[in-house]
Amino acid sequence: MYVTIHSVIGAGIGKFIPNPFIAFTIAVLLHFLCDAIPHGDSKNGLADNEKKKHMMIAFTIDSLAWIAVIGIIFLFAPMTHPISMASGALGGLFPDLLRVPYLLFQWKFFKKYCVFHDAIHRVVRYNIPMLAGIVEQSIVLAIFFAIIFT
Ligand SMILES: [Zn+2]
């Protein structure tokens, strides 16, 4: 699932939880739960270099979307618990952030974590097409946007 969606879910959770540590923890747990739900980002059938290319394109778009979406939320949304919302947004992206040291620098310390994180994506052995995944994630984004802005 895209980091932007994980972060918006975390911010939405933080809206209702005054304690930023609890908001962070719940956002981390929800990240893994959402990753377990098929969301169309399995690149089975693609060659390794194609997978890498897709990953880089998705990462670039996701990062720009994250900046825009989180910016909109923190500039315009009603802030009930701003620290918790920020903490939840951070908790939502934290499990993917922990993958970066291994993915970019092959730091072995993070390899087992990456194996664990990737295994969660295969808990439900059912893939959906990428387009269906984008629709699914857009619906989740819209729901959490509605929650955050009301
Ligand atoms: Zn993840």
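Modeller: I start with the packing of α1 against α4, whose axes lie 6 Å apart at an angle of about 145°. This is a predicted model. The crossing of these two helices, α1 and α4, is right-handed. On the α1 side the contact uses Val 3, His 6, Ser 7, Ile 9, Gly 10, Ala 11, Ile 13 and Gly 14. On the α4 side it uses Ser 84, Met 85, Ser 87, Gly 88, Ala 89, Gly 91, Gly 92, Leu 93 and Asp 96. Sorted by class, the contact of α1 with α4 has seven nonpolar, nine polar and one charged residues.

Helix α1 covers residues 3–14 and helix α7 covers residues 130–149; their axes come within 9 Å and cross at roughly 25°. At that angle, α1 and α7 are therefore roughly parallel to each other. The crossing in which α1 passes α7 is left-handed. From α1, the residues in this contact are Ile 5, Val 8, Ile 9, Ala 11 and Gly 12. From α7, they are Gln 137, Val 140, Leu 141, Phe 144, Phe 145, Ile 147 and Ile 148. By class, the contact of α1 with α7 has ten nonpolar, two polar and no charged residues.

As for α1 itself, the helix has twelve residues and spans 16 Å from its first C-alpha to its last, close to the 16 Å expected at 1.5 Å a residue. Helix α1 is mostly covered, with twelve of its twelve residues buried. Among the buried residues are His 6 and Ser 7, along with Val 3, Thr 4 and Ile 5. The cover over the buried residues of α1 includes α2 (20–36), α3 (48–76), α4 (82–97) and α7.

Ala 11 counts as buried because 31 other C-beta atoms lie within 10 Å, where 20 or more are needed. Leaving out residues up to four places away in sequence, Ala 11 touches Ile 73, Met 85, Gly 88, Ala 89 and Ile 148. For one of these, Gly 88, the C-alpha atom is separated from that of Ala 11 by 4.8 Å, although the two residues are 77 residues apart along the chain.

Key. Residues numbered from 1 in each chain as written. Predicted model: local features only at pLDDT ≥ 70, side-chain atom pairs only at ≥ 80, totals over all residues. Axes fitted to C-alpha atoms, helices over the stretch in contact; angles between N-to-C directions. Helix = DSSP H or I, 4+ residues; strand = E, 2+ residues; numbered from the N terminus. Parallel < 35°, antiparallel > 145°, perpendicular 65-115°, else oblique. Left-handed = near helix turned anticlockwise from the far one by under 90°. Contact = placed C-beta atoms within 7 Å. Nonpolar A, V, L, I, M, F, W, Y, C, P; charged D, E, K, R; others polar. Expected span 1.5 Å × (residues − 1).
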